[in-house]
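The structure is shown first.

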Amino acid sequence: MQKFRANLMVCAGTGCVACNALKVKKSLSDEIGKRRLQDEVQIVLTGCNGFCANGPIMSVQPDGIFYQKLKPEDIPIIVEEHLLKGRPVEKFMFREPESKTAVPKMNDIPFFKLQVLRALRNKGMIDPENIEDYISRDGYQAAAKALLELTPEETIKIVKDSGIRGRGGAGFPTGLKWEFCSKVISSSKYILCNGDEGDPGAFMDRSIMEADPHVVLEGMIIAGKAIGATKGYIYVRAEYPLAVKRLQLAIDQAKETGLLGENILDSGFSLDIEIYLGAGAFVCGEETALMRSLEGKRGMPRPRPPFPAVKGLWDKPTVLNNVETFANIPQIILNGAEWFRQLGTEKSTGTKVFVLTGAMNNIGLIEVPMGIPLKTIMYDIGGGISKGRKFKAVQGRHGRHKLYGERGEILSRVHRGRILRQMPSLQSGDAGDVRQIDRYNRGKRKGKRHRASPRPFA
Amino acid sequence: MAKLTISDLKQIKEKHKSTFTLREGGYRAKVTVHMGTCGIAAGARNIVNALMDEIGKSGADDIIVTTSGCAGLCSKEPMVTVEILNNPPVKYKELTEDGIREIFREHVLGGKIVDKFALVIGSETTY
Ligand SMILES: Cc1cc2nc3c(=O)[nH]c(=O)nc-3n(C[C@H](O)[C@H](O)[C@H](O)COP(=O)(O)O)c2cc1C
Ligand code: FES
């Protein structure tokens with residue numbers, strides 16, 4: 001094993017690649033070659049780090065010095081100053097929005113510091129295209145445990161006790177879903193992963209699939225064993241080319257090393273996983289529609305019951321879970337239900353990945369404990385509302401249609417597209433950070449009626 | 001690659017341990033080589049190479065090497081700072097390749113400060 005004194009973790013997630021990360025990487029390898037540092041310094045391409053708006057980004061390990069908004073022409077100075085002379089270059093560091101002082105280390109930037117990484121624990125740490133990187137971070141240990149040490153009942157009990165609920169939106173207890181399906185007797189059963197992610201602006205699942213594709217496979221293997229699945233499918237929208245590429249690569253590597261396919265780890269359990277490309281219809285994210293789409297039919301939901309756990313894909317017992325749900329499973333199996341419950345609330349355990357977007361200072365992807373105050377997310381992690389604008393209101397969960405004020409008080413109710421009660425403060429002229437209100441005001445000016453956006457929160 | 005077994009999984013993890021010590025932090029010892037213009041002129045690159053060579057030979061996976069700028073004592077370069085977890089950092093001066101090899105074996109691995117090269121105990125922390 002060659003030893004390097006430094007690892008340059010260059011983000012190659014979709015966001016950073018879109019702003020030229022691969023040219024930055026090319027410039028890095030050229031410059032490192034020129035300085036003859038190639039035996040001392042290794043470049044690693046990682047998945048999304050969640051700070052996409054500041055991309056391309058790179059962290060230098062050890063020490064985790066963080067650089068952002070890099071351009072290929074910035075590289076020579078970084079290589080000379082930091083890698084050769086050991087002087088991190090302030091110019092490309094993150095700056096505190098208010099004091100403008102540079103924050104050298106990734107973990108000192110509030111955006112990163114306040115997060116708790118579980119589903120995203122490998123982000124920025126591994127090369128997603130290298131199965132050995134994943135294995136080095138305890139990858140496939142949980143699958144080994146579930147296949148060789150635990151009975152399906154024991155696995156299901158751990159998942160049930162952890163209290164984890166589906167991350168796809170409905171929040172159904174995952175262990176319970178598995179239990180239903182495991183009790184149905186059938187010659188074939190399916191384990192499906194929902195990577196459709198139709199919610200506008202959301203990219204939690206894409207980011208996991210890109211940054212850590214093996215964790216999705218491992219979660220599916222564990223679930224597959226628990227319910228007795230004979231085949232697995234990952235349903236991903238075709239607009240996610242990088243996710244599809246990395247998942248396929250991960251599947252190929254897992255098959256080649258016997259972590260998928262016949263008799264996995266000599267446990268007697270066999271599972272094959274295939275990717276199915278969705279055409280990007282929002283409704284195909286709904287479980288029954290997704291299964292129809294997978295069957296090659298038009299993706300239309302059907303009434304339940306029968307539930308998919310009994311009659312799902314091709315009328316066989318099927319479990320569908322979201323990408324992020326699967327990404328949590330290996331850690332639960334390795335560390336136990338109690339460990340998982342340490343974070344979150346009584347009813348919603350663990351962490352959740354969220355996307356920050358819109359008029360925020362820090363835009364990106366975050367993972368935080370369930371039950372964290374919205375205020376912490378907005379002001380401490382998100383760095384507050386951009387351009388010094390004021391907070392106006394929060395639109396609550398889909399289906400309730402309420403607008404909440406700063407102290408959690410209800411400002412107005414929206415019903416069938418109409419705001420029924422409105423507080424005077426919402427009518428003042430300054431820009432709000434909730435788009436619904438902006439749109440309402442704009443609509444009013446033009447004499448139009450406001451239409452509530454269909455799904456603000458999944 | 002052939003079909004993996006449980007022990008293969010453990011072996012792969014073991015093989016990459018030093019890489020992940022580097023990425024995750026959690027190292028036991030850190031050696032900082034001062035690489036200002038003065039340090040480089042005095043041969044700091046060779047110090048780094050000798051150090052990497054020693055680490056490779058020892059098979060240790062919990063030691064990292066970093067570089068930092070001029071330590072402010074240009075006439076005493078090449079210099080390194082050795083930080084062992086929970087111990088104050090020790091600065092060494094006027095090193096040779098053999099010197100750094102000795103420091104690596106005696107201090108980094110063995111925990112004994114090498115007096116003949118030692119300059120001070122305790123110094124500014126590096127980042
Ligand atoms: C219209 C509609 C769209 C949905 N879109 C998604 C989606 O994009 N991704 C997802 O994981 N779940 C989506 N769901 C939820 C799924 O039906 C299902 O509950 C979920 O994938 C189950 O996985 P979980 O229990 O792990 O959350 C959608 C539901 C509805 C009604
Ligand atoms: S793609 Fe680089 S941080 Fe998201």
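How many residue pairs are in polar contact between chain B and chain A? The count is 17, with both residues at pLDDT 80 or more; a polar contact is a pair of N or O atoms within 3.5 Å, one able to donate a hydrogen and the other to accept it, and residues adjacent in sequence count only if both atoms are side-chain atoms. To the side of chain B that touches chain A, α1 (6–15), α2 (17–24), α3 (37–41), α4 and β2 of chain B each supply at least two residues.

This is a predicted model, in which local features need pLDDT of at least 70 and side-chain atom pairs pLDDT 80 or more, while totals for chains, interfaces and linings use all residues. Residues are numbered from 1 along each chain as its sequence is written, chains are lettered from A in the order written, and side-chain values use heavy atoms, without hydrogens and water.

| Interface of chain B and chain A | Value |
|---|---|
| Residues in contact (heavy atoms within 4.5 Å) | 38 of chain B, 48 of chain A |
| Buried area (accessible area lost, 1.4 Å probe, summed over both parts) | about 3700 Å² |
| Salt bridges (Lys or Arg side-chain nitrogen within 4 Å of an Asp or Glu carboxyl oxygen) | six salt bridges |

A salt bridge joins the side chains of B:Lys13 and A:Asp138 at 2.6 Å, N to O.

In chain B, helix α5 (residues 97–109) has 13 residues and should span 18 Å at 1.5 Å a residue, which agrees with the 17 Å between its end C-alpha atoms.

How values were computed. Helix = DSSP H or I, 4+ residues; strand = E, 2+ residues; numbered from the N terminus. Expected span 1.5 Å × (residues − 1). Buried area = accessible area lost by both parts, 1.4 Å probe.
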